[in-house]
Amino acid sequence: MAILGSTQRRPFPALFRGLIGIFLAASVLLPAAPHAADPVRFCVDPDWPPYEVIARNGTHEGIAADLLTLAANRAGVTLQLFPTKDWDDSIAASQRGDCQMLSFLNQTPKRDEWLIFTEPLFIDPNVIITREEHPFIADLAAETGKTIALPRGTSIEERVRRDFPGLAIVTTGSEAEAFALVSNRKADLTIRSLTVAVYTIKKEGWFNLKVSGQIPGYQNELRVGVRKDRPDLRDQLNQGIATLTPQERQSITNQHVSINVQTAIDYRLLINVVIGFSVLLLSNLIWAIKLRRVNKQLLRASQTDRLTGLYNRAALDELLSKEIERSERYGRTLSVVLIDLDQFKRVNDERGHLVGDRVLIAFADVLRATLRNYDTAGRWGGEEFLILCPETNAEQARVVAERICAATRVHPFETGWRQTVSVGFAELRPRDSIDTLLRRADEALYQAKNSGRDRVCGSIPSPAAVIL
């Protein structure tokens, strides 16, 4: 019996020890999940004012710093700055894995090799900067042989080399150097963001420079670049970025530009008080005129689609909200028309994105020439456009939509193809919200696409509902 008892007690400890061994082995083999509170190391451009700089005290400051901090806090991400000496050093640190993300940059094919990107933190148009006497530049491709100064390693340098081989590129170590080369006649032009241009021209006093044009499709869509092994971090940051409003972005931009454009007193002018005071007044007057002009450009840019010149989606949301409120208050009719360019992917695939951009620009011109004076057109996204039609019922909206379809069919687009559109319309109903109104227009557009394209669909309230 003693032998039997000892035999019965051995299997359980052995089994227990085996389970412990399996558990310990698994804990070694399985990767540890990142702790939500672990700080995320990030790299920045240490000398890119007013977007971002590393200040003397080692802190990250500027428009990018404020936007990133706000989005990260809302997403529950703790950030830890990994200091670098310049942008090239930041790129190298990101590629090595020393930092898990880059704070404020455009997405490019070269960067796609090791990074994935969030939704844009900030969108800013790129403009062509020349000396004051240079004529307006309508087509940059026609400036063959001109010298363009660009900071090295930037997305603009990469895109200009690809799209405008006729330009002679001179690379610089900073934004300020590029502006200086143009100001001192060592380069004909540069391409920089409108925000950076305003800041740098004022800070350096380069009033012999001006904005001479804009390139369709060229804009800074500044995102956070995250290493490919951290898709969870990209998704988490996107949640925070989605909470940022256009008003918050604009407020942060104005705060930094207005703080950094103040001119310090030049005490050398005290040698001659009268002359110095006169020069200062004249300089401030000139700058006030220029600043007023630039502020108008910034306001217009915040409400305008950079490519087509129509209202952008943020502006359309605001305008539609006001129109719905007005219609409900005064009992007036309101309809929306949602438009999609048919087979647009074919244009990009077979003719390239630059031709695709010009097709979108041409279609915007078709809308301007076709719509009534009180209609409002905007680019809803991609190849989709939205028309707000106040004082318009469903039947009248159908007529507007058919007119757009007809004008598009006969327009001579650059592709040489017969371009068509599919259109859905919807009339505002009692207790409608923006979402329900747009959902019906989208469903009508979906029906138009599925019914063969090049047609108008929507519902007209009547004793017997009719689908057109």
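Arg185 lies in the loop between α6 (175-183) and β11 (189-193). Helices (H or I, at least four residues) and strands (E, at least two) are DSSP runs, numbered from the N terminus. This is a predicted model: local features need pLDDT of at least 70, side-chain atom pairs count only at pLDDT 80 or more, and totals for chains, interfaces and linings use all residues. Residues are numbered from 1 along each chain as its sequence is written, and side-chain values use heavy atoms, with hydrogens and water left out.

Arg185 is not a glycine, yet its phi is positive, at about 65°. Most residues other than glycine have a negative phi. Arg185 counts as exposed because its relative accessibility is 57%. The cut-offs are under 20% relative accessible area for buried, over 50% for exposed, and in between for partly exposed (1.4 Å probe, protein chains only).

Arg453 also has a positive phi of about 65° without being a glycine. Its loop runs between α15 (434-450) and β17 (456-460). With a relative accessible area of 33%, Arg453 is partly exposed.

Strand β14 (residues 376-381) is mostly covered, with five of its six residues buried. It runs antiparallel to β15 (residues 384-390), and five bridges join them. Strands pair if DSSP finds at least two bridges between them. Ala377 stands opposite Ile387 in β15.

Two residues separate the strands of this hairpin. Gly382 takes a positive phi near 60° there.

## A cis peptide bond

Most peptide bonds are trans. The bond from Pro49 to Pro50 is cis, with omega near 0°. Pro50 is found in the loop between β2 (47-48) and β3 (52-54).
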